[in-house]
Every structure is written in structure tokens, then in C-alpha cells.
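Please keep the structure open while reading.

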Amino acid sequence: MQRTIGGSVSNSAAKYLHDDLEERERAARAILMDGIVMARALAASVPPEERLATARALVFATISSYWLHAQKERPKFWILSALPSGIDCAPISDSALALAHSMGLAAADLDGMEASYLIGVLYTAMMPGKVRAEFGAYYTPPALCERLLDMATEAGVDWRTAKVLDPACGGGAFLSPVARRMAEQLTDCAPGIALKNIVGRLRGFELDPFAAWMSHVFLEDALAPLCIASGTRLPTLVDVCDSLEREPEGSAYDLVIGNPPYGRVTLSTELRERFRRSLFGHANLYGVFTDLALRFTRPGGIVAYVTPTSFLGGEYFKALRGLLGREAPPVSIDFITERRGVFADVLQETLLAAYRRGGSPDVGQVHFLSPTADGRFAATGAGSFSLPSAPNNPWIVPRLKSHCKLIRSVADQPHRLADYGYKVSTGPLVWNRHKQSLRDASGKNRYPLIWAESVRADGRFEFRAEKRNHKPFFEPRPQERWVVTDFPCVLLQRTTAKEQSRRLIAAALPKSFIDRHGAVVVENHLNMIRPLNGKPEVSAEALAALLNTEIIDQLFRCINGSVAVSAYELEALPLPGPKAMKAFESLVLKGATRREIETAASDLFKKVGR
């Protein structure tokens with residue numbers, strides 16, 4: 001018999017129940033994660049053209065099981081909404097149905113937000129890769145959804161009155177928690193009035209009709225208390241459509257929120273013209289969806305998005321940065337510290353941001369989010385930032401609190417690599433397009449082939465070709481002479497990750513090495529920082545030493561938003577003036593120690609701005 005004190009469960013009993021609940025939830029997650037692995041294997045065993053229909057059949061069976069077990073205390077007539085006609089579901093085996101039943105039963109032991117997320121991961125894990133890319137289906141973990149909603153709240157969104165749109169709602173990761181927050185603010189209303197109020201203010205767009213149905217199911221699950229109390233089934237709040245084809249209608253939204261699809265896309269001539277203001281070069285879906293969000297947001301309203309970080313510095317996003325800087329500067333940005341294990345099957349660096357349409361580009365706040373043991377995220381303040389005077393330039397945003405002082409020291413500084421007498425280009429040789437010219441040994445008309453491995457982590461150049469498929473020499477045919485380099489330059493690795501101790505790894509290509517071999521061929525996993533013309537203002541040795549310092553590495557991290565170390569970002573990097581570099585250069589050429597060079601570089605930045 002359960003013992004109570006003062007009408008409540010005793011502390012010891014409450015702890016037991018809490019521990020029991022936590023154990024059930026852990027077991028449920030384990031069942032779902034194991035089920036996702038098995039479902040992925042099932043999808044791989046069927047022909048590609050049948051995988052989507054198989055995925056939908058298994059997920060439908062899982063949701064049916066979830067609904068049945070999650071609705072035990074609800075009216076018998078409160079059955080699962082029918083799957084719309086025209087959505088193909090392939091027949092699945094009894095064993096697959098049993099798997100779906102066990103996953104649905106496990107999901108019913110979880111909070112509705114987590115259940116919908118994991119079932120969404122099940123769906124995307126089984127999708128054919130091409131279809132997943134077309135839909136941009138990468139669903140957002142509940143903890144990140146809640147954090148983004150908190151950011152929207154801090155930016156001024158009033159859940160009691162706000163009109164909200166998710167233009168790429170997927171399986172309803174944002175719609176359901178938004179609906180919950182709206183409902184929490186309407187507890188003083190009759191259930192029917194509260195439900196009608198929410199229905200009038202919440203909308204989603206989704207390209208995938210099955211995902212749209214999932215959104216509706218989990219949205220009705222979230223609003224079930226209001227629906228049942230008012231005896232009203234939830235009307236459809238998700239439009240199945242191509243969001244990019246939609247034009248704003250009626251009053252604009254107070255909040256546009258979501259995790260838009262990403263990846264390169266070829267737009268029709270009409271759409272490219274419509275979104276021309278935010279495009280430079282190829283279009284990326286998340287950039288186009290950001291432009292779309294501004295069109296649907298009222299002046300003073302908020303756009304809150306989960307996106308890759310690449311728009312902060314890449315050349316292809318300079319038009320988008322300019323648009324945001326002019327029309328909707330960021331109020332706050334949260335960087336996610338971990339790339340692995342946050343979004344299923346995604347390794348891109350990611351951020352959460354809230355923008356205010358028509359806001360002032362004065363100061364935004366930065367946090368970084370770290371996953372905790374209980375599956376949540378801890379937010380740590382990293383300080384504030386301001387947009388550059390020309391907002392299409394790379395945004396220098398602190399990733400750590402210590403970056404704020406550094407960023408202030410280089411604010412609006414005019415000096416760049418061009419002032420040193422250099423420009424950046426990619427190593428010209430794409431080796432797998434010229435395999436027939438690779439050689440194992442030196443010889444007449446053969447040149448050393450410089451791979452990224454020749455640029456050592458300690459800043460030395462060491463001619464090496466030891467990795468798989470790496471040949472040490474290249475013998476250009478007459479039509480390949482354009483790949484030959486016959487002048488000294490700085491070589492810098494083109495691909496590094498934020499987890500590495502250094503993002504910038506550079507070495508001077510010695511003149512003596514060029515003289516010995518006549519020329520070299522540089523492979524395209526290296527950037528070449530090459531003289532513009534004549535003798536540069538700063539020697540290659542001094543420039544390489546500067547780029548290898550900790551202070552420049554940290555400054556680059558405040559600009560870069562991807563694993564690529566691009567020519568555009570290198571050429572945008574604020575640097576000390578050429579005259580200030582003279583003493584530093586003398587120190588380098590005299591063979592100073594690493595510690596002496598680091599100290600000298602820090603001193604240079606203390607002087608910047610004086």
C-alpha cells in the first residue's frame with residue numbers, strides 16, 4: 001500500500017517512482033535507437049525505388065502503435081488521423097510490424113516531443129539518400145527546439161498573441177512545442193476558445209506529404225487536452241506545398257521559426273529572380289529559406305532558425321549576410337560546440353539564431369551550447385558582437401568569451417593580405433583528373449607534387465608523399481603546363497576542423513626548393529598565398545609565421561563557419577599593418593623561438609587600433 005504524508009507520496013516513494021520513470025525512459029530510448037538501426041538495415045535490403053514506401057509503412061505502423069498506447073486515458077473514438085490518400089506504403093513483413101509495434105510502445109513511455117523526434121529520425125534513417133536530400137529532412141532534437149523557443153521569447157515573442165509559421169516543419173519538431181507554449185498562456189480561457197485561438201495563429205508548410213501528416217498527428221497529440229475537453233478534432237494546420245512557391249497572404253507573422261533544409265539547389269529562372277537579392281553564385285536551400293522567412297515576418301517580428309554556420313564567412317553567402325544586416329540583424333546567436341551526435345547523420349557545424357526584422361545592427365549576444373549527460377544543452381555566454389559596417393563582409397563573431405577583446409582590437413581595421421602584397425588561390429592540381437601524369441620518381445620534365453601533408457603542423461615545409469594514392473612527382477603534358485608553379489609562396493591547408501588545435505596550418509614554400517627543382521605542382525587541398533606582383537611588403541616566411549600563431553588562429557575561428565579554409569575568408573582576415581610587421585619579420589628571420597613569435601604577435605594586436 002502506498003504511504004503518503006500530508007496527502008502526497010512520501011519522499012522515498014517519490015524518489016522510487018522518479019527512478020522507475022527514468023529507467024523506463026532509458027529503456028524506451030534504447031529500444032528506439034536499436035530499432036532505428038534495424039530499420040535502416042531493412043531499408044537497405046529493399047530496392048531503392050521501394051525504400052520510401054517501406055519507410056512510410058514502418059513509420060505509420062510505429063505511430064499507430066504509439067497512438068494506441070499513448071491514448072489509453074482518452075476517449076475510445078479518439079482514433080489516429082487517417083493517412084491522406086495518394087501516399088504509398090509498401091507491404092511489410094510480420095517481423096517488421098512487430099518491430100514497429102515495439103518501437104511505438106517504447107515511444108509511448110517518452111515525452112511527446114522526444115517521441116516525435118525519435119520517430120522522425122526513424123523515418124529519415126530509412127529514406128533513400130536522394131529523397132532525403134530533396135526534402136532536406138534532418139529533424140531537430142527537442143532540447144534544441146526548446147532553446148530556440150527560449151531565444152524567441154527573449155527576443156520579445158508573446159506566446160499568448162504571436163502568429164507563428166514554420167515554413168519547413170518536417171515532422172512537427174517546432175509546431176508541437178510552439179502549440180504547447182501557446183496553450184500554457186491560455187489557461188484562463190475555455191478549452192474551445194483556447195483551441196480556436198491557437199488554430200488561428202499557427203501554421204506549417206511542408207513539401208513531404210507524409211511528414212506533414214506526422215506533424216498533424218503529433219500536433220494533435222500535444223493539444224489533446226484542449227481538443228478532448230472541447231470535443232473538437234484538430235483541423236489541419238500544415239499545408240503540403242513547396243514553400244518557395246508561396247507568397248505571403250494576409251497579415252505577416254510575428255515569428256517564423258524552424259530548421260530549414262540545406263544543400264545546394266538549382267532554382268528555376270523564376271525563383272532565382274524572386275530570391276536574387278540573397279544569392280551569389282549557387283543557391284543553398286537554407287539561405288533561400290532565410291530570405292523566405294523575412295518575406296513572411298512582420299516589421300519588428302522575429303526569425304528564429306537552426307542553420308549551418310557557413311553563412312557567417314563564406315563568399316557564396318555574402319549577399320545573404322548583406323540582406324540580414326540591412327533588414328534583420330541578429331539579436332542572438334548560439335553555437336553548438338559538438339558536431340557529432342546532435343543531429344542524426346549531420347556533421348556540419350550548426351548554430352541557432354534569432355533575427356529581428358527592422359532591428360538595429362548594434363550588438364548581438366553569443367552563447368555556445370554544450371550537450372549534458374541528461375541529453376540537454378548548457379548555454380555559456382561568449383559575449384557580444386557587432387556586425388561590420390559593410391554587413392556583406394564576413395561576420396566576426398566570438399566563439400569564446402576570450403574572443404571579445406580580440407574582436408574589439410581589430411574592429412574596422414583596414415589591413416588585409418592584399419596590403420601585404422598577396423592574393424589567395426587554390427592549388428591548381430585536382431590529382432584524380434590527371435592520374436596519367438603522376439610519377440613515382442623524379443626525372444626530366446618532372447616536378448615535385450606538393451600535397452597537404454607537406455605542410456607540417458609545426459609550420460615547417462617538408463616534401464612528403466606518403467599517404468595512399470600520393471605520388472611524389474608530376475610530369476605535365478603540354479596542355480597541363482598551367483598547373484606548374486615556379487615562384488615562392490605560402491602554402492596553407494584548405495580543410496581543417498574546429499576540433500583541431502589549429503585551424504590555420506601554413507608553411508613557406510622555400511625559394512631554395514624551387515631553385516633546386518625548377519618548379520613545383522601544388523595539389524588543390526592546399527591554398528597558395530602568392531605575391532600579387534613584384535616583391536611583397538611582408539616576406540613569405542614572416543607571413544607563414546604570423547598565420548601559425550595562436551592569436552591569428554583564434555581570429556580566424558571567429559570568421560570561419562565550415563571545415564573549409566577558403567581564399568575569401570583568408571583575404572578578409574584583419575591583420576596588423578605592413579609597417580607594424582617589420583619588427584616581427586626581423587624576429588622570424590633571425591630564427592626566434594615559437595614562444596617569442598607568439599609574444600610578438602600578441603603585441604602586434606595590442607597595438608592595433610592605436
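**Notes on the model**

1. Glu23 is partly exposed, at 43% relative accessibility. Here buried means under 20% relative accessible area, exposed means over 50%, and partly exposed is in between (1.4 Å probe, protein chains only). The rule for a salt bridge is a side-chain nitrogen of Lys or Arg within 4 Å of a carboxyl oxygen of Asp or Glu. Both residues sit in helix H1 (residues 11–44), 3 residues apart, which is about one helical turn. Helices (H or I, at least four residues) and strands (E, at least two) are DSSP runs, numbered from the N terminus.

2. A word on the basis. This is a predicted model, where local features need pLDDT of at least 70 and side-chain atom pairs count only at pLDDT 80 or more, while totals for chains, interfaces and linings use all residues. Residues are numbered from 1 along each chain as its sequence is written, and side-chain values use heavy atoms, with hydrogens and water left out.

3. How many salt bridges does the rule give? The count is 31. Glu598 and Arg594 make one of 3.1 Å, N to O. They too are about one turn apart, 4 residues along helix H21 (residues 594–607). An α-helix has 3.6 residues a turn, so residues three or four places apart point the same way.

4. Glu480 and Arg477 form another bridge, at 3.3 Å, N to O. Glu480 is buried, with a relative accessible area of 2%. Arg477 is partly exposed, at 35%. Salt bridges also join into a network, which links Arg456, Asp458, Arg460, Glu462, Arg464 and Glu466.

5. Now the nonpolar cores. A core is a set of buried Ala, Val, Leu, Ile, Met, Phe, Trp, Tyr and Cys residues joined through side-chain atoms within 4.5 Å. The largest one has 83 residues, and Ile63, Tyr123, Val164, Leu202, Leu223 and Leu255 touch the most other members. Helix H4 (residues 112–126) supplies the largest share of this core, with 9 residues. Another core, of 43 residues, lies apart from it; its members include Val256, Leu323, Ala353 and Val397. In soluble globular proteins, nonpolar side chains tend to be buried together.

6. Which residues does Tyr123 contact, leaving aside neighbours within four places in sequence? They are Leu52, Ala55, Arg56, Val59, Tyr139, Asp208, Phe210, Ala211 and Met214. Contact means heavy atoms within 4.5 Å.

7. Helix H2 (residues 48–70) packs with helix H9 (residues 209–222) at about 10 degrees, axes 12 Å apart. Axes are lines fitted to C-alpha atoms, for helices over the stretch in contact, and angles run from 0 to 180 degrees between N-to-C directions. H2 and H9 are therefore roughly parallel. From H2 come Arg56, Val59, Phe60, Ile63, Tyr66 and Trp67, and from H9 Pro209, Phe210, Trp213, Met214, Val217, Phe218, Glu220 and Asp221. By class this contact has 11 nonpolar, no polar and 3 charged residues. Ala, Val, Leu, Ile, Met, Phe, Trp, Tyr, Cys and Pro count as nonpolar, Asp, Glu, Lys and Arg as charged, and the others, Gly among them, as polar.

8. Helix H17 (residues 540–547) and helix H20 (residues 581–589) cross at roughly 95 degrees, with axes coming within 9 Å. That makes the pair roughly perpendicular. Glu541, Ala542, Ala545 and Leu546 of H17 meet Met581, Phe584, Glu585, Val588 and Leu589 of H20. The tally is 7 nonpolar, no polar and 2 charged.

9. Check helix H18 (residues 550–557) as well. It is mostly covered, with 7 of its 8 residues buried. Charged Asp553 and Arg557 are among the buried residues.

10. Two backbone points. Asn445 has a positive phi of about 60 degrees, though it is not a glycine. Asn445 lies in the loop between strand S15 (438–439) and strand S16 (447–450), and is partly exposed at 47%. Asn469 also has a positive phi, near 75 degrees. Its place is the loop between S16 and strand S17 (473–474), and at 42% Asn469 is partly exposed. Most residues other than glycine have a negative phi.

Definitions and conventions
Angles under 35 degrees count as roughly parallel, over 145 as roughly antiparallel, 65 to 115 as roughly perpendicular and the rest as oblique.
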